[in-house]
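Here are my notes on the side-chain contacts. Please read them with the model open.

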Amino acid sequence: MTTTRRTHQAVRLDWPRLRARLDALGRVGALDGGGVCRLALTPEDKAGRDLVVGWMRDLGLHVTIDAIGNIIGLRPGLEDGAPVMAGSHIDTVRTGGLYDGNLGVLAGLEVVAALNDAGVTTRRPLAVGVFTNEEGARFAPDMMGSLVYVGGLPLAEALAVEGIDGRTVGDALSAIGYAGPAPVGTPAVHAFVELHIEQGPVLEEQGIAIGAVEGVQGISWTDVIVEGTSNHAGTTPMRLRRDAGYVATAAAVVVRDLAARMGGDQVATVGALELTPNLINVVPGRARFTLDLRNTDEARLQAAEQVAFAEIDRLAAAEGCTVTRRTLARFEPVTFDLAMVDRVEAAARARGLSVRRMPSGAGHDAQMMARVCPTGMIFVPSAGGISHNVTEHTDDAHLEAGASVLLDLLVDLAEPVDPAPG
């Protein structure tokens, strides 16, 4: 019997303990209907961070907080060096669920707890990371903490980002006490594994327990402002209108049709829309909306951007309006390390779990970590494919299965040390 097999028999997850932590974190910023609201760097986010940091310290982890607010809990290994890291995020959208991000963090802590319970030492250190502002719901871009961690966004630029409420990231970090002293990008990471709910319908529809994620779609976020002329809704002839609201709503239809024509993995969403003055009897003089385009193929994503932008410009020109655009986030598609994808698939099969390889339609911290180390992701089914919604749900059996696969991967990667006889 190999050391790894002996270790897997000795190290066992305590599912009720993990379930209790998920529920406890879910009470921080709780919403009616079962969801949570913990926008990044708000008092609710601080309360969630405080709770998780307390659990890390209870488990004996050495906790560091870096200058962008990323939290790293480190369990020493027999040798010094780059740790194997699990992790995700605990910030949410305004209508978040209990598992998006939270599962990856708390399952990582449960792996640490299980190793502690079994008295198992690993050769490599093991770390659990909580990354700042993954959702991007308050501050753009999304995946900000992990992007700064890997050097993809300068710290000073990130701290200067202004949120939807006018506060900067730097001010908000200081306000909640999470502008940490540790330098960003430390420690260097040997390998990264993120457990996450799918946030889509594929696994549930096909009756599959585990997704071995091959990569993440490219993402293009754009803020669009249309300027026209406010005027009386009853007295202004249609031929003389410069209706910014019409341009914005027509653009939503155009990009939806564009995604349908392109087919494949192309998706397009106008997710936020603000009209000024937003009155029933006034032609809108200003419209602001967001455009979210995604595709697994970079060339097709670029083509979608070109067509969408050109169509918006055409609509505006025909209405006598002007358009300004600002890029909020732009990430190319990411392909995960093939050996890590193989590991996820093998670990699932070893536990008798059904598994399929698949892409991710949502962005994740793992796509940033893939820039600096071998990275893998484990998906578990989302009931009805619903996420970013207070009704987000994943069955306990699937949550436990995903956490078990995570345990197996982390144990293998961190290399358990066979204890001496006696």
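Which residues form one aromatic cluster? Phe-131, Tyr-149 and Phe-192 do.

This is a predicted model, where local features need pLDDT of at least 70, side-chain atom pairs count only at pLDDT 80 or more, and totals for chains, interfaces and linings use all residues. Residues are numbered from 1 along each chain as its sequence is written, and side-chain values use heavy atoms, with hydrogens and water left out.

1. Aromatic pairs. The whole structure holds two aromatic pairs. Rings of Phe, Tyr and Trp (its six-membered ring) pair if their centres lie within 6.5 Å; planes under 30 degrees apart are stacked, over 60 edge-to-face, the rest tilted. Phe-131 and Tyr-149 are edge-to-face, because their planes stand at 80 degrees, with ring centres 5.7 Å apart. Phe-131 sits in the loop between S4 and H5, and Tyr-149 in helix H5, so the pair ties together parts 18 residues apart in sequence. Helices (H or I, at least four residues) and strands (E, at least two) are DSSP runs, numbered from the N terminus. Both Phe-131 and Tyr-149 are buried (buried is under 20% relative accessible area, exposed over 50%, partly exposed in between; 1.4 Å probe, protein chains only).

2. Salt bridges. The structure holds 21 salt bridges (a side-chain nitrogen of Lys or Arg within 4 Å of a carboxyl oxygen of Asp or Glu). One of them joins Arg-17 and Asp-117, at 2.9 Å from N to O. This pair links distant parts of the chain: helix H2 (residues 15-26) holds Arg-17, helix H4 (residues 102-118) holds Asp-117, and the two are 100 residues apart. Arg-17 is partly exposed at 22%. Asp-117 is exposed at 55%.

3. A loop-to-loop bridge. Asp-165 and Arg-138 form a salt bridge, with their closest N and O atoms 2.6 Å apart. Asp-165 is in the loop between helix H6 (155-159) and helix H7 (169-176); Arg-138 is in the loop between strand S4 (126-130) and helix H5 (144-149). Arg-138 is buried at 7%. Asp-165 is partly exposed at 45%.

4. Arg-325. Its salt bridge to Asp-313 has closest N and O atoms 3.1 Å apart. Strand S12 (residues 322-331) carries Arg-325 and helix H10 (residues 298-318) carries Asp-313, so the pair ties together parts twelve residues apart in sequence. The charged end of Arg-325 also sits over the ring of Phe-309, 4.3 Å from its centre (the criterion: NZ of Lys or CZ of Arg within 6 Å of the ring centre and within 35 degrees of the ring normal).

5. Another charge over a ring. Arg-49 lies over the face of Tyr-178, 4.9 Å from the ring centre.
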